[in-house]
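The tour goes from one selection to the next.

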Amino acid sequence: MSVTAKNVSTPATGVVSEIVSALARFGLAAVWIVSGWLKIADPVATKQSVLAYEIFNAQISYLIADILPPLEIALGILLILGVFLRATGIVSALIFVAFIGGIASAWARGLTIDCGCFGGGGYDASVTGWTYFVEILRDIAFIAMAAWTAYRPFRRFAIYP
């Protein structure tokens, strides 16, 4: 006679999972709205920030700087409203992967720039390898929040989970 383990979920496990899901969803929404709002508030600095990465030419950098802030705010609003939570989590994770790529590229090429992640940005002589490392770790944490939102979206207060 064989014994198989069943997936047993206790009420406490369910509550913890719901709390983590809520924190991931609403925390990520706050990140997107704050970062988008700070970028919209200073569009010149946002353009300088994207241009400082020296990845794209000026025209494409300015286009990215124009599109990114409203996109970030839109993602935050979708998360707050609970619309397309899984898709919003996936898109968020992909954007953070791109952000990590940009930061890693700047670091590898010896650029000293503020990431501009929460407004501002551009060349900054005080930036070190440690600065880039911490920014990448922060974005990895945001990817984890986005992945959790895609995997186990917090459906309470959601218009369309």
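What follows is a list of stops, each with something to select and a note on what is there.

Before starting, note that this is a predicted model, in which local features need pLDDT of at least 70 and side-chain atom pairs count only at pLDDT 80 or more, while totals for chains, interfaces and linings use all residues. Residues are numbered from 1 along each chain as its sequence is written, and side-chain values use heavy atoms, with hydrogens and water left out.

**Stop 1: the nonpolar cores**

Select Leu28, Trp32, Leu79 and Phe96. Of the 13 residues in the largest nonpolar core, these four touch the most other members. A nonpolar core is a set of buried Ala, Val, Leu, Ile, Met, Phe, Trp, Tyr and Cys residues joined through side-chain atoms within 4.5 Å. Buried means under 20% relative accessible area, exposed means over 50%, and partly exposed is in between (1.4 Å probe, protein chains only). At least two residues of this core come from each of α1, α3 (58-81), α4 and α5. Helices here are DSSP runs (H or I, at least four residues), numbered from the N terminus.

Leaving out residues up to four places away in sequence, Leu79 touches Arg25, Phe26, Leu28, Ala29, Trp32, Leu85, Thr88 and Thr149; contact means heavy atoms within 4.5 Å. Another core, of 12 residues, lies apart from the largest one and includes Ile100, Ile103, Ile113 and Val127.

**Stop 2: the salt bridges**

Side chains of opposite charge can pair when their charged atoms come close. How many salt bridges does a search of the whole structure find? The search finds three, a salt bridge being a side-chain nitrogen of Lys or Arg within 4 Å of a carboxyl oxygen of Asp or Glu.

Select Lys39 and Glu72, which form a salt bridge with their closest N and O atoms 2.7 Å apart. Lys39 lies in helix α1 and Glu72 in helix α3, so the pair ties together parts that are 33 residues apart in sequence. Are the two residues buried or exposed? Lys39 counts as buried at 5% relative accessibility, and Glu72 counts as buried at 1%.

Next, select Lys47 and Asp66, whose closest N and O atoms are 2.5 Å apart in a salt bridge. Because Lys47 lies in helix α2 (residues 43-52) and Asp66 in helix α3, this pair ties together parts that are 19 residues apart in sequence. Lys47 is partly exposed at 22% relative accessibility, as is Asp66 at 43%.

Then select Arg138 and Asp139, a salt bridge with its closest N and O atoms 3.2 Å apart. Arg138 is partly exposed, at 23%, whereas Asp139 is buried, at 1%.

**Stop 3: the cavity**

Select Lys39, Glu72, Arg138 and Asp139 together. These residues are among those that line the largest cavity, as are Trp32 and Phe96. On a 1 Å grid over the protein atoms alone, a cavity is a set of points where a 1.4 Å probe fits but cannot get out; lining residues have an atom within 4 Å of a point. The volume of the largest cavity is about 60 Å³, where a volume is the space filled by probe spheres set on the points, which are joined across faces, edges and corners. The largest share of the lining, four residues, comes from α1.

Note on methods: On a 1 Å grid over the protein atoms alone, a cavity is a set of points where a 1.4 Å probe fits but cannot get out, and a pocket is an open set with protein on both sides within 12 Å along at least five of seven lines; lining residues have an atom within 4 Å of a point.
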